[in-house]
Amino acid sequence: MRTSFGNLGRHPVRTVLSAVGVTVGILTIVTMVSLGVGVHKEILQQFQGAGLETINVQPVTEERSAYTAFAEPKRTVLITPQLVEEMRSRSDVVEVLPRVYVPWGATVYLELGGEELSVRVYVGDSTWGLSDPFTAPPQLLAGRELTADAEGEVILSREALEALGYDEQSEWEDVIGQEVLLVLKAPRGDTESFPFVVVGVQDSEYWGANIGVTDALALKAWWYNDPDILLHEGYDRLRIKASSINDAAQIVEELQDRGFEVESLRLLLDNINRAMVVLQTMLGSIGALALLVASIGIANTMVMAVYERTREIGILKALGASPGDIRILFVTESAFIGLVGGVAGTIVGWLLGLGLNRLILAVMEWQEVPVRGTFFVVSSWLVILALVFATLVGLLSGLYPAARAARLDPIEALRYE
Amino acid sequence: MDVVVKAVGLTRRFKMGNTLVDALRGVELTIARGEFVALMGPSGSGKSTVLNLLGGLDRPTSGEVWINGVELSDSDERTRTRYRREQVGFVFQTFNLLPRLTAEENVALPLMFSGVPLKERLARAKKLLERVGLGQRLTHRPTELSGGEQQRVAIARALVGEPALILADEPTGNLDTAIGREIMTLLRELNQEQGVTLLVVTHDPEVAAFADRVVGLRDGVVES
């Protein structure tokens, strides 16, 4: 061991130069992998906040043809109450929310204190949908949220109340508990009033009223004049919250197999993951190429060292060193060069990551992109892997020179000047 | 008689370019345990070749080499490595110490190949260096030692494995006469005190005079 390390000091420049090759290779790999890991983590965090465990299920409708273009398309795969029950009974499901939409064409009037206002009817809270998972749901200004199985309860929007002349917080508070009517006026000439109790006011920019799913179903049934509409059409949407991301993936797969149209952030994430793997593979290949060149450099250094130390090898052999001992001596030395290069590469790669991270954040701040975070993550397993890999590259590069050293004839070697 | 070395009909033929050179043409040699033998002859007489064969560094073209009951002439590399490690110690003309190791580490080096623990290696090295008069030079490197001191370190290194045989190739060749005499005196003492079997190759009659017996070698055969 002493001899091996002592010898490295004999030609410091040569040793350092051959280690630099490994440094460049490991540096590239560490930077790339840490970028991959960091970005992946960042994305995962963003999405986790948005609800990666959430699955949206839609019924499947018939393809529209020229003859049916203007008719309401027929549903072929229904979200039945049985499906809702089945999902609720699963152990890997936390929450199941069926949803019914009051048709867009339906005109609904809100009657409050003798005034009338045309409003949109929404179902449940307003965190529905995937189009913009990063937008916060509207804030509650007064009262409470709808319960999951709310009946006869309504949440009104601030905008709608203001249109009706309720401008102050205190006035909104007063509205809570009051009875209102949602009046449906069908094209066939009928009018029907549905009584509700106001339970909350939310900060929404639409003229809207949020009601529970049972009430929405009643409104819809009346609109289409079909009391058994749930039986014929099923629910319009189903939101399932799985207990974990992996469970969500499983459920998505099952529902897709059963013919449902499923939306999940998980599906989006899978695509991002795939893109990241491609990126990492490409960048990793650059590092691997650098390491290949580095290993040729180390092999060259070691072949030179074997020439220079021929006499020493002869002495060691005369003293009873076996070919194996000689081989170990040179392979150790070579692995050590790799390790030194690896340590330097890991440190420089880590520093480069920190620097680039600052640069990215500065650019993002300048561009006013609202993203903050760590995009280069050098984890302990990456450090260990990098060092092991660097050592291995050194070790492999040393195998051939070491074998040459081990094969030397002791008499020839002792005669060597 | 307890025989350590027995060489029977040793021949060694080298190929030099296109010509064949017979370095040895039937050498017969027997050395008893505890004997101090000088192998003398002019350069080109085949002295070094005999030494290489007895040291297990080379194999004869024909003939047999028995050392301490082990036949070396048709042994494999593994056997000869083991033989060099356990049965023989070399002293070279040019000392051949490793320049980056201290005196102590140089002496302890052969024991590393036999797997002796570091502490014991250094302890044994220290004891031998004290015996050869270098107790104050344990941590000096070869470049910090005189020629005579370096050769003493080399002798200690040859002894450390407690070999059956010590082979010395012109041990005084790179030393001046006075120092050379000191080295030969040391070898003589070690031979008498510890019963070390010694074969010294030399062309110098004054060096040969230290031995119990002188064997002459000329043109690849032992002179009688």
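**Confidence**

I'm working from a predicted model, so I checked the scores before anything else. The predictor gives the complex an ipTM of 0.92 and a pTM of 0.66.

**Where A meets B**

I looked up the contact next: 15 residues of chain A touch 17 residues of chain B. Which elements of chain A give two or more residues to that side? I got helix H1 (2-8), helix H10 (310-318), helix H11 (323-366) and helix H13 (410-415) of chain A. H1(A) supplies the largest share, 4 residues. By type, the chain A side splits into 7 nonpolar, 5 polar and 3 charged residues.

**Helix H5 of chain B**

Then I went to helix H5 (residues 147-159) of chain B, which has 13 residues. From first C-alpha to last I read 19 Å, close to the 18 Å expected at 1.5 Å a residue. Is H5(B) mostly covered or mostly open? Mostly covered, as 10 of its 13 residues are buried. The buried ones run from Gln150(B), Gln151(B), Arg152(B), Val153(B) and Ala154(B) on to Ile155(B), Ala156(B), Arg157(B), Ala158(B) and Leu159(B). I note that two arginines, Arg152(B) and Arg157(B), are on that buried list. What covers these residues? The cover includes strand S6 (88-91), helix H3 (103-113), helix H4 (118-131), strand S7 (165-169) and helix H6 (177-194), which belong to chain B.

**Strands in chain A**

Last, I followed strand S6 (residues 115-123) of chain A to its partners. It pairs with strand S5 (residues 107-112) of chain A in the antiparallel sense, over 5 bridges. One glutamate faces another there: Glu111(A) has Glu116(A) in S6(A) as its bridge partner. The hairpin of S5(A) and S6(A) has 2 residues between the strands, and Gly113(A) takes a positive phi near 55° in it. S6(A) also pairs with strand S11 (residues 208-211) of chain A, in the parallel sense and over 4 bridges. In that pairing I found Val121(A) opposite Ala209(A) of S11(A).

Notes
Residues are numbered from 1 along each chain as its sequence is written. Chains are lettered from A and ligands numbered from 1 in the order in which they are written. This is a predicted model: local features need pLDDT of at least 70, side-chain atom pairs count only at pLDDT 80 or more; totals for chains, interfaces and linings use all residues. Two residues are in contact if their C-beta atoms, placed from the backbone, lie within 7 Å. Ala, Val, Leu, Ile, Met, Phe, Trp, Tyr, Cys and Pro count as nonpolar, Asp, Glu, Lys and Arg as charged, and the others, Gly among them, as polar. The expected span of a helix is 1.5 Å times one less than its number of residues. A residue is buried if 20 or more other C-beta atoms lie within 10 Å of its own, exposed if 12 or fewer, and partly exposed in between; C-beta atoms are placed from the backbone. Two strands pair if DSSP finds at least two bridges between them.
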